[in-house]
Amino acid sequence: MAEVVLTGLGKAYGDGTRAVTDLNLEIRDGEFLVLVGPSGCGKTTALRMIAGLEQITEGTVHIGEQLVNDVPSRDRDVAMVFQSYALYPHLNVYDNIAFGLTLRKLPKSEIDHRVREVAEVLELTEHLDRKPRNLSGGQRQRVAMGRAIVRAPQAFLMDEPLSNLDAKLRVQMRAQIARIQREIGVTTVYVTHDQTEAMTLGDRVAVMRRGVLQQVGPPQELYDRPVNLFVAGFIGSPGMNLVSARLDENDGRYWVSLDSDALLLPESVLRGRPRLRQYVGREVVVGIRPEDMEDTALADAREGEILHSVADLVEAMGSDVLVHFPVDVPPVVTDDTRELAKDAGTDDLPRTAKGTVLVGRFSPRTRIY
Ligand code: ATP
């Protein structure tokens with residue numbers, strides 16, 4: 001096990017494409033770090049530079065104490081798990097898992113011990129004689145994991161390992177990867193475009209855009225305090241409401257003015273943000289998490305809390321009901337539905353919530369950009 005340190009890491013491809021720019025990350029010993037971002041943001045390129053599969057244009061990669069820029073991939077002591085699994089079709093599960101150890105010419109008894117131990121952890125023991133073509137997608141994925149684990153590498157590097165699985169299996173395997181990683185405690189760098197996967201798996205999550213790191217931190221920190229509009233829009237499902245408004249100041253109190261309503265910003269939103277003052281009188285974007293739009297009964301609303309908007313779309317999703325309110329563009333979404341149901345005086349929410357007036361009370365999590 002080891003820490004992985006990226007310093008000023010950059011990659012320009014031969015055709016001039018800049019895939020990664022000045023990437024600085026310290027992935028701690030035993031940490032699970034997820035690199036996330038939209039397609040083409042450079043996350044795979046970054047991972048491949050760590051793995052030694054891509055030439056580094058600028059900066060350095062250290063694994064453990066060692067500078068590995070010029071160390072060939074096979075000597076970096078890292079194990080990669082790809083989206084495609086890359087299993088050997090002519091070898092059975094046992095030999096696929098054992099492959100790396102056989103190459104290293106370890107004693108047969110030790111190979112056998114390690115393969116069976118890993119197969120046990122991954123619940124593959126009864127499939128050891130099967131060829132990959134006779135396995136389900138999830139089982140193949142576990143064999144690929146097994147091949148990585150059995151080598152006991154310094155770090156795991158995973159590139160979208162779950163994207164070929166159906167939705168249900170993906171959730172199961174996600175939990176299994178999290179459990180295994182915690183159990184064996186290997187430093188892991190995991191690439192995905194799926195923010196839910198990133199949030200559920202990562203000890204920390206690093207968000208990239210156009211080759212540039214935007215923010216890195218524990219999932220909750222990214223959710224509560226996204227540093228810019230990109231992270232605010234990318235992290236969270238349903239997404240954060242990002243509403244254009246004007247920032248006004250009146251008697252030392254700050255307001256955001258939308259079309260016809262003005263909402264009061266609580267003190268807590270302003271605390272520690274002295275520079276906000278310079279935006280007074282200007283257009284800003286207000287970021288509000290759906291669950292932070294409280295929907296109080298109209299009669300209970302205080303000054304600066306009423307947003308006159310009529311729900312125009314209700315999406316029942318089982319445990320949650322998403323209610324859309326058109327406020328400027330894009331629409332405000334709230335998913336706190338109990339109060340809405342109470343206001344409507346009925347349990348039959350999906351139908352009656354249409355037409356409910358939204359009463360907004362901003363939480364401390366409200367962000368101004
Ligand atoms: P995805 O999730 O779609 O795989 P990604 O975030 O992993 O995307 P990369 O594959 O790292 O992104 O690609 C980053 C950028 O570098 C993209 O603009 C891509 O088109 C470009 N790129 C990737 N490989 C090459 C290459 N061999 N030659 C030129 N450009 C490349």
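Ala, Val, Leu, Ile, Met, Phe, Trp, Tyr, Cys and Pro are counted here as nonpolar, Asp, Glu, Lys and Arg as charged, and the others, Gly among them, as polar. The model is predicted, and local features therefore need pLDDT of at least 70, side-chain atom pairs count only at pLDDT 80 or more, and totals for chains, interfaces and linings use all residues. Residues are numbered from 1 along each chain as its sequence is written, and side-chain values use heavy atoms, with hydrogens and water left out.

Grid points are joined across faces, edges and corners, and a volume is the space filled by probe spheres set on the points. The largest pocket has a volume of about 640 Å³. Its lining consists of 23 residues, and V78, A79, M80, G100 and R151 are the ones nearest the centre. By class, the lining comprises 14 nonpolar, two polar and seven charged residues. Secondary structure elements are DSSP runs numbered from the N terminus, with helices (H or I) of at least four residues and strands (E) of at least two. At least two lining residues of the largest pocket come from each of β6 (78-81), α2 (93-103) and α4 (137-150). Strand β6 provides the largest share, four residues.

A backbone N or O atom lies 2.7 Å from a ligand oxygen atom in the case of G40 and 2.9 Å from a ligand oxygen atom in the case of C41. For T45, a polar side-chain atom lies 2.5 Å from an oxygen atom of the ligand. On its own the ligand has 630 Å² of accessible area, of which the protein covers 60%. Accessible areas come from the Shrake-Rupley method with a 1.4 Å probe, and for residues only the protein chains shown count as cover.

Strands are taken to pair if DSSP finds at least two bridges between them. An open sheet is formed by four strands in the order β2-β1-β4-β5, with antiparallel pairing. Strands β2 and β5 (66-67) stand at the edges with a single partner strand each, so one side of each has no neighbour in the sheet. Two bridges link β5 to strand β4 (residues 58-63) in the antiparallel sense, and H62 has L67 in β5 as its bridge partner. Strand β2 (residues 18-27) contains D22, a residue other than glycine with a positive phi near 45°.

Strand β9 (residues 204-209) runs antiparallel to strand β10 (residues 212-217), to which five bridges join it. R209 is opposite V212 in β10. Two residues lie between the strands of this hairpin, in which R210 has a positive phi near 45°.

Strand β11 is joined to strand β14 (residues 283-288) by six bridges in an antiparallel arrangement, with S244 opposite V285 in β14. Five bridges also pair β11 with strand β12 (residues 253-257), again in the antiparallel sense; there, L247 has V256 in β12 as its bridge partner. The hairpin of β11 and β12 has two residues between the strands, and D251 takes a positive phi near 55°.

Further backbone features lie in loops. The peptide bond from S237 to P238 is cis, with omega near 0°, and P238 belongs to the loop between α8 (229-234) and β11 (241-250). E160, which is not a glycine, has a positive phi of about 45° and is placed in the loop between β7 (155-159) and α5 (167-184).

Conventions
Polar contact = N/O pair within 3.5 Å; in protein donor to acceptor, adjacent residues only side chain to side chain. 1 Å grid on protein atoms, 1.4 Å probe; cavity = no way out; pocket = protein on both sides within 12 Å on 5 of 7 lines; lining within 4 Å.
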